[in-house]
Amino acid sequence: MSHGPPYADEDDDRPPRPLHGLIDAAPRVVTAGPEMFAAALEQQGVQVDRVRWRPPLTGTDPAALARVVADARGDDANAAAVARALAAGAELVDVLPAREALGLTGGEFCHAGPPIGWERASGPMRGALIGAVLFEGLAGDAETAERMLAGGSGYDLRPCHSLGAVGPMAGVVTASMWGFVLRDPVHGGTAYCTLNEGLGKVLRYGAYGPEVIERLRWMSRVLGPLLQLAVRRRRDRVGPVDIRAIVAQMLHMGDEGHNRNRAGTMMLVRELVPELLDAAGAGELPAGLGLGDVADVVRFANGNDHFFLNLVMPAAKLALDAGRDVPGSSLVVAMARNGTDFGIQVSGTGDAWFTGPARVPDGLYLGGYGPDDANPDIGDSAITETAGLGGFAMAAAPAIVRFVGGSADDALRATRSMYEITLAEHPTYRVPVLGFRGTPTGIDVVAVVRTGVLPSIDTGIAGRDAGTGQVGAGLVHPPEQCFTAALSALAEAAPPFP
Amino acid sequence: MGTVHIEVRRGAYHDSVTLMWATRALATMPMVDEAQVAMATPLNLELLAERGFDVPDGLGPTDLVVAFRLGEAPEIERGGAVKVAMGSIDDVLAARTAEPATASDVPVAHTTGGVLAATSGDETVPLAFVSVPGEYAFAEAMDAVKAGVNVMVFSDNVPVEQEVLLKDEAARRGVLVMGPDCGTAIIEAAGLGFAHTPDAGPVSIVAASGTGAQHLVSLLQLPGMGARHCLGVGSRDLSAEVRGRSTKQALDALIDEGESELIVVLTKPPDPDVLDELRAYVAGRRPPVMWAPIGSGQRDLTDVAERVLRSRRWSVPKWPQWHPLEPLTRRPGLAVRGLFCGGTLATEAAAVATAAGLPADRLDVVDFGDDAYTRGRAHPMIDPSLRNERLARVAADPAVGVAHVDVVLGYGAHPDPAADLVPLVEAARANVVVTLVGMNGDPQGLDETGRALAMAGAHVFLSNAQAARHAAALVRERGGP
């Protein structure tokens, strides 16, 4: 919703009219409420614009809503918070192991979504944690790993978001995993995300078999160090890769940055391959790695259409972190799922999570899988929607809607309907088919509660059982109580009525 | 007792007027004896229980309840009747929730702010009209105020601290908040809410009383004077908490406009200090202001109307009455029961009847438009079923001599209030006195309504004060005080 003064008298030469001309002429009337009053006005020849009003989300405390709407800080706070988010840059400055980037030690694991322990963790989350224990060499087999995790000691779990990181699906990060380091040159923030493993049997979907652990080892031994070399060379010679610029271009090439990252991946590879070839030619490859390894890295990145997702996510994270901690602001700064709970964080309420049960996405299933095989919604990747991408940029990616079971019109409608719950239109991320309109960016808790329009998230579906992998893709909405609970917290932080 | 059918739809919100039409659609079906389609507010749950509908526990105000009782019928026909009944409900409910025809349409906006943003840049003078449930009205009204748009808040049940904040914000931005609980307004001949379209007259009205304003305008229109503007300010505006915030702005605007020869300020019983402050606020300014607070010891609105007419050198007409051809032959009781949709009419009727000598123990007046009766229900001027049910009981009570009711015509009100009342009047054991608020040009027809009620046996008056005096006289004639 935009809150300009659309009817303010702008012609300063005229004397101000009392009540903006209310009693000068038969009014044009905007109506909110029962239809009969609108119809009665039309009977009298008055032009009527109807609000399609409906009550706020179920569970909304009306007094809390009034108090937040009455908070005089609200509009300015939201404008300030979203302006910071829109201004944030995203430069790819390094590739590092999580041990160095996040300071993780062997028994410290990050996971996607709001905080969760082993007891309540879903299948794919448990599988990924078992894989993490095996990968870090803390147990020799899955049974021992599971016993250790169920025992609750010898390891530490925390959300990726609490360390300035984001992880797709289970989002499990361990000390020895490598990841991208992004920096916001405007506000100085840093964000981190692991390297994408590809599709099929992968840790982020809860698989932990030998081939999964073997691939992770290769990523740490070959992929990470070579990407580090390329990223650092690029950074030091011509400046860091501008991820925000690639995201803007991918929206013009049929990607939405969550479920489709094909063009983004190609543009990244295009940036990094010359650096790798130069380094090889100059004999600067790390000890033990050769041109064959370079080819493997390029093949791996090219062969994984989601490779760039792990750069869109930290870019989005940087933007929203810039919008954090503005008192009085109802801007959503994170939406994330751990496979059991869906949680959101809000600018005006610090690090508090507002959670509800994660839902099973509504979409299409691969092969012989069906809804019974699906795990509830999982992953930090909803940070893309929080930043105006993914489901919010669906209109830019008509090719993806068939994958999630919709039509091209559905894609347009999905993006259009999000403008009602967002604070701004993105100045850089634009949608050609909407006349290059900026994507709807910056979810407003108050607007979600009032309109009953829930954010539309375009996501992959993980199998319910650990190790199954991806079973489908579809659309999902956050549970309503995330927003009604956030509203109540905003009300408590708001000044009372005089 | 026939078969009861109850269906609950969770989270299916519909506004109270749509629900009234849905109830009506059901109740008029031949197989259906009794029906109620309502959101599960505490009041509606109570009403459902009273009617013997056993509704499941744990429902809230966003849950829809469809409840009806089928008449005696063979088992085989009942299933079909339920299906037909539910189909008719779905038709009524669906009529107002259609989405745009094609996906390329711009989505509809669900908030006042959203619609205002979409219509911004338009030259036409803007006004927002908010009639959503009171607990949610503040946000809608605040959208308008922040956009620099005047707003009429028809909703009642708005907390007073929200009203004060809204009005302070509006004053800062130079716009007017009419309301909350503002039933009527007339701006440049456009009637808002419960409204009429009188001729443009020399007198403007600032009203902290909806039905009071409708009554005054109706009286002024009879000889053809009409009214210029009628700006509602909300029933609490002259209270100690709100302190005339909107009244001051409305007076300023009318004075600045300079087109009114006289301004009448009509208000429910005001705080005396606030009234003094307002008098001082306009002292020495033109045009003159006539103060018309309502209540015991004050002038009644008929008296106010006559003074207004005389002040502009208009002659005072004989206020119309419609009487039955045959007087009541039964011997009813000696009590007067007032059953009103309009709060000001109720207050005034009680004051006039008391002044006419009716003792307090024989007078009982209920305002069905009070907040307590309108939570989760349409205003009784739209849906008078609660009031009419009470009338049926009161008029059969041997202790009652007169049932005094009001019928308010105009835009926004019930499309044919006489139709529901006529059978009740015909069946009444007591006298029925009706205050009929309306004017020629109202969609329901003033004279048609008056005649239909008189034919049924009611004594009908355009003047509420005359009606109240007549009610008192009817019980006095037969051994009263």
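Reply: Happy to! Let's begin with charge pairing: between domain 2 of chain B and domain 3 of chain B, the count is one salt bridge. Keep in mind that this is a predicted model. Arg469(B) and Asp300(B) form a salt bridge, with their closest N and O atoms 3.0 Å apart.

Which helices build the domain 2 side? Helix H7 (210-221) and helix H10 (301-311) of chain B each supply at least two residues to the side of domain 2 of chain B that touches domain 3 of chain B. H7(B) gives the largest share of that side, eight residues. By residue type, that side of domain 2 of chain B has 14 polar, eight nonpolar and three charged residues.

Now to the domains themselves. The domain assignment places domain 2 of chain B at 112-311 and domain 3 at 321-476, with domain 1 at 4-94. The centres of domain 2 of chain B and domain 3 of chain B, taken over C-alpha atoms, are 27 Å apart. Their contact involves 25 residues from domain 2 of chain B and 30 residues from domain 3 of chain B.

As for area, domain 2 of chain B and domain 3 of chain B bury about 2,200 Å² between them, and 62% of this lies on carbon and sulfur atoms.

Definitions and conventions:
Residues numbered from 1 in each chain as written. Chains lettered and ligands numbered in written order. Predicted model: local features only at pLDDT ≥ 70, side-chain atom pairs only at ≥ 80, totals over all residues. Heavy atoms only, no water. Domains from an automatic or database assignment. Contact = heavy atoms within 4.5 Å. Buried area = accessible area lost by both parts, 1.4 Å probe. Salt bridge = Lys/Arg side-chain N within 4 Å of Asp/Glu carboxyl O. Helix = DSSP H or I, 4+ residues; strand = E, 2+ residues; numbered from the N terminus. Nonpolar A, V, L, I, M, F, W, Y, C, P; charged D, E, K, R; others polar.
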